[in-house]
Amino acid sequence: MNPSFTSGTGRKGVLERLGIWTRRDLLIFVVVVGYALAIFSLMVGALARDFGLVTFTGAAGRPVILNLTPLTIGLSAIIFSLAILWLAFGLFSLRFAPRTLDPNSIEIRSPKVSVLIPARDEVAVVRDLVQDLLAQDYPHLELIVIAHNCSDETSASLRGTQDPRLRVLDLETADSGKALALNHGLAIATGDILAQFDADNRIPDPRAIRRAVAYFLTEPGTDVIQAQIETKNEEATLLTHLQAVEYRIFSYLFWGGRNAVRLPCPIAGTGVFFRRELWDRVGGWENERVEDYDLYCKLVLANARIEYKPDIVALDEKPTSWRLLLRQRSRWQRGHIQVLAKRWRTWMGLSDMMYLAAPIANGAWYASTILTLLYYALPWSFTYWYPPAVLWVSMWLAAYGTMAAILIRTGHRRDLKYLPAFYIFGFHWLVAFLLAVRVKGWSGSKTPHGPRQ
């Protein structure tokens, strides 16, 4: 990383605290904040106009040269359909009451757990995760680290760990992709239960594996368990803290909300546990840029029961700068679009098909707001229908009210003060959507980990 804006005193300055380390970070920050404030101002101004408090007039007598009403009605329908879906699951999540158990009260029998850890140039972090897993209070454990196309000392850093439960595999392939490493580990795993963790994770609870096994033993219908994802470096910058808030809201809203109405919980790319026999129904991972979401689609089609268990926690490292955040999220956007192109013909249920179309809604939101900004700048150039501002404001208030309720319900009341900044932070998704076209491959967009990221 090039710390172009370091204070020179060893202390973090204001810019570093905001996640701005380079001039590129600064440019991204200005674009995101500027766009967020422009939309906020637009809504306030339109709200005043709708209530007759102010009147906007264009150039008298100028002809309308384009009528975009049919287009903008379609864009608005896409945007609000997905917004209502998220809001509905947010409200459902407020009645989500996850079952918890004391793993020590359950007699743990003998299912073996194979933990797959794909690692590409992860020498800075992988050893900590391996030590956390070897310290787990569970006797039947197999750790498989797949050092895939590594150019650093990932494998060598683990060779000195003398523990028969650990296997370190070196994998060299012409192509890159997390799925390739996972499938290589899957082929040699011997456990009845499979677990997947990213190399940058930490597992703070020494009974996490025991908890997962206990759930599988007491819930024979559960095929997959998704753990709670928390942020390992939450206090590094304001940016990482906002990502922590994002994950707390998203996991309870979408994972918990779906489980509350007996729908499967989507899976992340880490902190996931699977019954081994499940792979006979779905096969392995497919080498997509978002292999976890593609696997989730396969699990839904296989009628797998996926449960969210927030008492099993994995700590995940988040990007500390805007540059790396956009690098990560643009890959996610590109990958989601590719899965959409691959899966749109296969019906997975209304809510999952709407979630599959999320990139379309993102693009529709971007296009419609740009059209609105142009409309106010050039009111004589075109006409179109746009939802009343009061509807937009009502949706925003309902969404942020629901987020606040989730933070309170989950014991994160202290994060309420971050919601105004979280509003601005959310606009990075639009930038990521635009940058998705630049993503060339998996390896070039992989997020680096460790203190030098």
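Arginine 165 forms a salt bridge with aspartate 163, the closest N and O atoms lying 2.9 Å apart; a salt bridge here is a side-chain nitrogen of Lys or Arg within 4 Å of a carboxyl oxygen of Asp or Glu. The model is predicted, so local features need pLDDT of at least 70 and side-chain atom pairs count only at pLDDT 80 or more, while totals for chains, interfaces and linings use all residues. Residues are numbered from 1 along each chain as its sequence is written, and side-chain values use heavy atoms, with hydrogens and water left out.

Arginine 165 is partly exposed, with a relative accessible area of 22%, whereas aspartate 163, at 18%, counts as buried. Buried means under 20% relative accessible area, exposed over 50%, and partly exposed in between (1.4 Å probe, protein chains only). By the salt-bridge rule, the count comes to 30.

Another of these bridges joins glutamate 286 to lysine 298, with the closest N and O atoms 3.4 Å apart. Glutamate 286 lies in the loop between helix 9 (279–282) and helix 10 (291–301), and lysine 298 in helix 10, so the pair ties together parts that are 12 residues apart in sequence. Helices are DSSP runs (H or I, at least four residues), numbered from the N terminus. Glutamate 286 also meets arginine 343 in a salt bridge (3.7 Å, N to O). Arginine 343 sits in helix 11, so this pair ties together parts 57 residues apart in sequence. Glutamate 286 is partly exposed at 29% relative accessibility, while lysine 298 is buried at 12% and arginine 343 at 11%. A network of salt bridges links Glu286, Glu288, Asp294, Lys298, Lys342 and Arg343.

The whole structure holds 32 aromatic pairs, in which rings of Phe, Tyr and Trp (its six-membered ring) have centres within 6.5 Å; planes under 30 degrees apart count as stacked, over 60 as edge-to-face and the rest as tilted. The rings of phenylalanine 80 and tryptophan 392 are a tilted pair, because their centres are 4.7 Å apart and their planes at 55°. Phenylalanine 80 belongs to helix 3 (residues 69–93) and tryptophan 392 to helix 14 (residues 389–409), so parts 312 residues apart in sequence are tied together. Both residues are buried.

Technical notes:
Helix = DSSP H or I, 4+ residues; strand = E, 2+ residues; numbered from the N terminus.
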